[in-house]
Amino acid sequence: MNEHITTFDEHLDQRYGVIGTPERADFEIKAKAFAIGEIIRDARREAKLTQQQLAERTGTKKSFISRIENGHSDIQLSTLYRLMEIGLGKRVNLTIG
């Protein structure tokens with residue numbers, strides 16, 4: 001067995017710091033923003049909408065939708081609800097654990 005192979009958690013600890021450090025928190029926030037963007041993009045494509053159409057439905061701009069889908073914007077929960085429920089007809093459930 002190769003001793004240089006580490007677990008994914010060990011990789012994250014080495015690259016971004018251990019859980020609880022500011023560096024790791026920043027990474028986790030960015031990773032979650034990226035994941036939310038992917039969910040929105042997939043739902044939009046499933047609904048056969050363009051970014052422009054979703055923006056028009058939700059009173060935002062195409063550039064804002066693009067930034068969210070690319071993980072470059074940290075959106076508020078109210079915006080997530082508006083995009084998913086009003087714009088895409090999806091239900092959002094929030095779990096805090």
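**Close-up 1. Lining of the largest pocket in the predicted model.** Helix 2 gives the largest share of this lining, 8 residues. Both helix 2 (22–46) and helix 5 (77–87) supply at least two lining residues each; helices are DSSP runs of H or I with at least four residues, numbered from the N terminus. In total, 21 residues line the pocket, and Lys32, Ala33, Ile36, Ile75 and Leu80 lie nearest its centre. A pocket is an open set of points on a 1 Å grid over the protein atoms alone, where a 1.4 Å probe fits, with protein on both sides within 12 Å along at least five of seven lines; lining residues have an atom within 4 Å of a point. The space in the largest pocket is about 440 Å³, taken as that filled by probe spheres set on the points. Its lining has 14 nonpolar, 3 polar and 4 charged residues (Ala, Val, Leu, Ile, Met, Phe, Trp, Tyr, Cys and Pro are nonpolar; Asp, Glu, Lys and Arg are charged; the others, Gly among them, are polar).

**Close-up 2. Crossing of helix 3 and helix 5.** The axes of helix 3 (residues 51–58) and helix 5 come within 9 Å and cross at roughly 100° (lines fitted to C-alpha atoms over the stretch in contact, with angles from 0 to 180 degrees between N-to-C directions). Helix 3 is therefore roughly perpendicular to helix 5, a term for angles of 65 to 115 degrees. Leu54, Arg57 and Thr58 of helix 3 meet Arg82, Leu83, Ile86 and Gly87 of helix 5, contact being heavy atoms within 4.5 Å. This contact has 3 nonpolar, 2 polar and 2 charged residues.

**Close-up 3. Aromatic pair of Tyr16 and Phe27.** The count of aromatic pairs is 1 (ring centres of Phe, Tyr or Trp, the last by its six-membered ring, within 6.5 Å). Tyr16 and Phe27 are stacked, at 3.9 Å centre to centre and 15° between the planes; stacked means planes under 30 degrees apart. Tyr16 lies in helix 1 (residues 8–16) and Phe27 in helix 2, so the pair ties together parts 11 residues apart in sequence.

**Notes.** Residues are numbered from 1 along each chain as its sequence is written, and side-chain values use heavy atoms, without hydrogens and water. In this predicted model, local features need pLDDT of at least 70 and side-chain atom pairs count only at pLDDT 80 or more, while totals for chains, interfaces and linings use all residues.

Technical notes:
Parallel < 35°, antiparallel > 145°, perpendicular 65-115°, else oblique. Phe/Tyr/Trp six-rings, centres within 6.5 Å; stacked < 30°, edge-to-face > 60°.
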